[in-house]
Amino acid sequence: MDPILLYGFPLGSSMGLVAALEWLGKPYRLCRVDMLGEMRKPSYARINPRHETPVFITSEGEVLTETMAIAGWLEARDVERRISFDPLSPRADRMHQLMAFINTGFTGAFAPLWAAMETTGLDPATQSMLRDFGRKRVIDRHDKLEEMIGGSAFLLGERPTLADALLIGVARWLDFHAVADRKRWPKMSDLRQRLEADQAVVYATALEKGDSGLGTGACKGHVALETVINEFGVDGRVKPGHDGRRG
Ligand SMILES: N[C@@H](CCC(=O)N[C@@H](CS)C(=O)NCC(=O)O)C(=O)O
C-alpha cells in the first residue's frame, strides 16, 4: 500500500514532511488533521495516544509517530538519495545533526509561545512571562542555527534534504508569533525564502490551507481521518502504554 502521512493544520510542523514526500517522488497519500478539533478527540488516541501530528502509516500498515522516526523511515527508502545521503557519509551525519537540532531545541523553543497562546485561564503575568521566555529561547536558537548554516543554497548543499523539510515546517512560527524580523538572521532568511519558493513547499502549504496545488503527482490523494483510525488505529478502548500499534 501507499504510505499515508497524517499532517496537522493550522501551521503544523508536518508541512515539511509533505514537502519531503514530494521531493522523494514515491507514491504516498495524505490525511489532513484539524489539530484544534479532531486531533483532540478521544478517538484520535487510537492512532496517537499523545494527540499529536505527524503520524505516518507505513507501506506495511504500521503506525509510526515522531518526526525523527518518520524521517528515518523515508531516509532508509531514499535509495536514489533525493532527500538524504549515503548513510555512511559525513554529510549524512551532518544532516542528522541538523535534524536533531531542529527537532529538539529549535522546535522546543516555541513551546512557551504556544502555551501562552493556547492555555486557557492563564493569568496575564504568567502569559507575559511565557511569552518573554519563549521569545528569548527562539532568538537564541535562531542565533545558534544561523552560526551552523554554511554558504550553500540549502542546509546541506544545492538541493533540499530532510533537514530543510524539518526546518521549513517550523521556521514560519517565528513570523506567526511575531518574535522578530526574520531578516535579523540573513542566512536563515535567504534559506527560508528559497524554500518558500520551492514548488514542493508551495504545494504542501496550499494543502495545509485547504487549497489544492500543483504537486509532482506522487500524492495519490487524501484519506479521511476516520478511515485511517478505523483501518490502522488500535481497536476498542485505548490501553495505557500503547503507541498506535495493532499487534
Ligand atoms: N515529538 C513530536 C512532536 C510533535 C508535535 O508537537 N506536534 C504538534 C504540531 S506541530 C502537535 O501535534 N501539538 C499538539 C497540539 O497542537 O495540541 C514530533 O517530533 O513529531
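Which residues in H1 meet which residues in H6? Met15, Gly16, Leu17, Ala20 and Trp23 in H1 meet Leu162, Asp164, Ala165, Leu166, Ile168 and Gly169 in H6, where contact means heavy atoms within 4.5 Å. The structure is a predicted model, in which local features need pLDDT of at least 70 and side-chain atom pairs count only at pLDDT 80 or more, while totals for chains, interfaces and linings use all residues. Residues are numbered from 1 along each chain as its sequence is written, and side-chain values use heavy atoms, with hydrogens and water left out. Helices (H or I, at least four residues) and strands (E, at least two) are DSSP runs numbered from the N terminus.

- The buried residues of H6 are Leu162, Ala163, Asp164, Ala165, Leu166, Leu167, Ile168, Gly169, Val170 and Ala171.
- Two packed helices are described by the angle between their axes and the distance between the axes.
- Axes are lines fitted to C-alpha atoms, for helices over the stretch in contact, and angles run from 0 to 180 degrees between N-to-C directions.
- Helix H1 (residues 15–24) packs with H6 at an angle of about 150 degrees, and their axes are 7 Å apart.
- The crossing of H1 and H6 is right-handed, a term for the near helix being turned clockwise from the far one by less than a right angle, with anticlockwise giving left-handed.
- The contact of H1 with H6 comprises eight nonpolar, two polar and one charged residues; Ala, Val, Leu, Ile, Met, Phe, Trp, Tyr, Cys and Pro count as nonpolar, Asp, Glu, Lys and Arg as charged, and the others, Gly among them, as polar.
- Helix H6 (residues 162–171) also packs with helix H8 (residues 186–196), at an angle of about 100 degrees and with the axes 11 Å apart.
- That angle makes H6 roughly perpendicular to H8, as angles of 65 to 115 degrees count as roughly perpendicular, under 35 as roughly parallel, over 145 as roughly antiparallel and the rest as oblique.
- On the H6 side of this contact are Asp164, Leu167, Ile168 and Ala171, which meet Met188, Leu191, Arg192, Leu195 and Glu196 in H8.
- The residues of the contact of H6 with H8 comprise six nonpolar, no polar and three charged.

**Helices H1 and H2**

- The axes of H1 and helix H2 (residues 67–77) cross at roughly 0 degrees and come within 11 Å.
- H1 is therefore roughly parallel to H2.
- Leu17, Leu21 and Leu24 in H1 meet Thr67, Ile70 and Leu74 in H2.
- This contact of H1 with H2 has five nonpolar residues, one polar and no charged.

**Nonpolar cores**

- A nonpolar core is a set of buried Ala, Val, Leu, Ile, Met, Phe, Trp, Tyr and Cys residues joined through side-chain atoms within 4.5 Å.
- The largest nonpolar core has 62 residues, of which Trp23, Leu74, Phe106, Leu155 and Leu167 touch the most other members.
- Not counting residues up to four places away in sequence, Phe106 touches Phe101, Arg141, His142, Leu145, Leu167, Val170, Ala171 and Met188.
- A second, separate core of 16 residues includes Ile47, Val223, Val228 and Phe232.

**Ile57 in strand E3**

- Ile57 is found in strand E3 (residues 55–57) and counts as buried at 0% relative accessibility.
- Leaving aside neighbours within four places in sequence, Ile57 is in contact with Met1, Pro3, Ile4, Leu6, Ile47, Glu62, Val63, Val228 and Phe232.
- Ile57 and Ile47 are ten residues apart along the chain, and their C-alpha atoms are separated by 9.5 Å.

**Loops and backbone geometry**

- The peptide bond from Phe9 to Pro10 is cis, with omega near 0 degrees, and Pro10 is found in the loop between E1 and H1.
- Ser14 is found in the loop between strand E1 (4–9) and H1, and at 1% relative accessibility Ser14 counts as buried.
- Ser14 touches Leu5, Leu6, Tyr7, Gly8, Thr53 and Pro54, not counting residues up to four places away in sequence.
- The peptide bond from Thr53 to Pro54 is cis, with omega near 0 degrees; Pro54 is in the loop between strand E2 (28–34) and E3.
- Glu66, in the loop between strand E4 (63–65) and H2, has phi near 80 degrees, a positive value in a residue other than glycine.

Note on methods: Buried means under 20% relative accessible area, exposed over 50%, partly exposed in between (1.4 Å probe, protein chains only).
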